[in-house]
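Please consult the sequence and the structure while reading.

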Amino acid sequence: MALTLYVDTARWRAHHKHVQEQFPGLVPVCKGNGYGFGHERLAEEATRLGSDVLAVGTTYEAARIKDWFGGDLLVLTPYRRGEEPVPLPDRVIRSVSSVDGVYGLVGARVVIEVMSSMKRHGISEQDLPQLHSAIENIRLEGFAIHLPLDRTDGSDAVEEVIGWMDRLRAARLPLHTMFVSHLKADELARLRQQFPQTQFRARIGTRLWLGDHEATEYRGAVLDVTRVAKGDRFGYRQQKAASDGYLVVVAGGTSHGVGLEAPKALHGVMPRAKGVARAGLATVNRNLAPFVWGGKQRWFAEPPHMQVSILFVPSDAPEPQVGEELVAHLRHTTTQFDRIMDR
């Protein structure tokens, strides 16, 4: 019995086609855990879409995915001198974010990342004069800009890209291709209209693979159910049951990503208040599990184990049966399923 990712395949793929129509020439992104689907599956889906380029996170990912995807592979992590060499075919394109990085990739296929308002990495405007001689010894595939998701200052993403296009043009650098991230379809259309000689290619991961929330669902199988009375001790720490109910052992533990949560950027009073409430409940060992039963999200009876979680279901709820499955609200990018089922 397993933690299963169920995929409504027809609906999922229809969403892919819709995104592809909105962003012609898009570059699918397959990095990390493959957005919850795994590298091999996303490589197959990118091939099905007819993609000529697939973006990956690291050279290590490229080394694995090259056997599943026959097109070009764009490594998003910038090259750094002294990094561990990984044998890769010529169809791998490296990103660089410094002039020194360009000089370190003589003969290679290269995309040069510019510094956006994210201020994560990228070449600066002051670096541009040095690029003329640096790019003579590489095969320049284009430039790239990685934009922030939120713009709390009211700034315009398109204007930020235009600013860089103007700087690159003033520096007399080739502008045949610009890879962009986190632009809307109408924003990309504005850029294409203003710069018809440049091919803008959107690198898209989350919106492409996870944009239709109804197309996928995680479920954990019930492995055991034990009735407990108020005051009964249970679990590794031998805590007391707060009331009568059931201890439900369900597939899905820390090795699957259950109970692991990435920090969130909270905005507004209500989200912050909820965060404070959750933190307060955690201090008295009250932690909501991602599993749903009887229409309610249930509590962990104790912290999740490596491969299973133990939930507490009160006696006024229906008794789960071994073999039934509980829907689990899990973050795709931190979850590792036991199996994936198309339906």
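The account begins with the barrel and then turns to the nonpolar cores.

The model is predicted. According to the UniProt record, an unreviewed entry, the feature "domain: Alanine racemase N-terminal" covers residues 8-153.

Eight strands form a closed barrel with parallel pairing, in the order S2-S3-S4-S5-S6-S7-S8-S9. From one strand to the next, the twist averages 30°. Strands S4 and S5 provide one example of parallel pairing, joined over three bridges. Arginine 94 of S5 stands opposite valine 75. Helix H2 packs on the sheet, where it touches strands S2 and S3, and its direction makes about 170° with that of S2.

The table lists elements named in this report.

| Element | Residues |
|---|---|
| Helix H2 | 39-48 |
| Strand S2 | 27-30 |
| Strand S3 | 53-56 |
| Strand S4 | 72-75 |
| Strand S5 | 92-96 |

In soluble globular proteins, nonpolar side chains tend to be buried together. In this model the largest nonpolar core contains 91 residues, and those with the most contacts inside it are Phe37, Ile112, Leu131, Phe143 and Phe200. Helix H6, residues 157-170, gives the most to this core, namely seven residues. Domain 1 (8-210) and domain 2 (216-342) each supply at least three residues to the core. Another core of nine residues lies apart from it, with Phe234, Leu247, Val308 and Phe312 among them.

Which residues does phenylalanine 37 touch, not counting residues up to four places away in sequence? Its contacts include Leu5, Trp12, Trp209, His332 and Ile340.

Terms used: Residues numbered from 1 in each chain as written. Predicted model: local features only at pLDDT ≥ 70, side-chain atom pairs only at ≥ 80, totals over all residues. Heavy atoms only, no water. UniProt positions renumbered as here; feature names shortened; annotations may be inferred. Core = buried A, V, L, I, M, F, W, Y, C linked by side-chain atoms within 4.5 Å. Buried < 20%, exposed > 50% of the residue type's maximum accessible area, 1.4 Å probe, protein only. Helix = DSSP H or I, 4+ residues; strand = E, 2+ residues; numbered from the N terminus. Domains from an automatic or database assignment. Contact = heavy atoms within 4.5 Å. Pairing = 2+ DSSP bridges. Axes fitted to C-alpha atoms, helices over the stretch in contact; angles between N-to-C directions.
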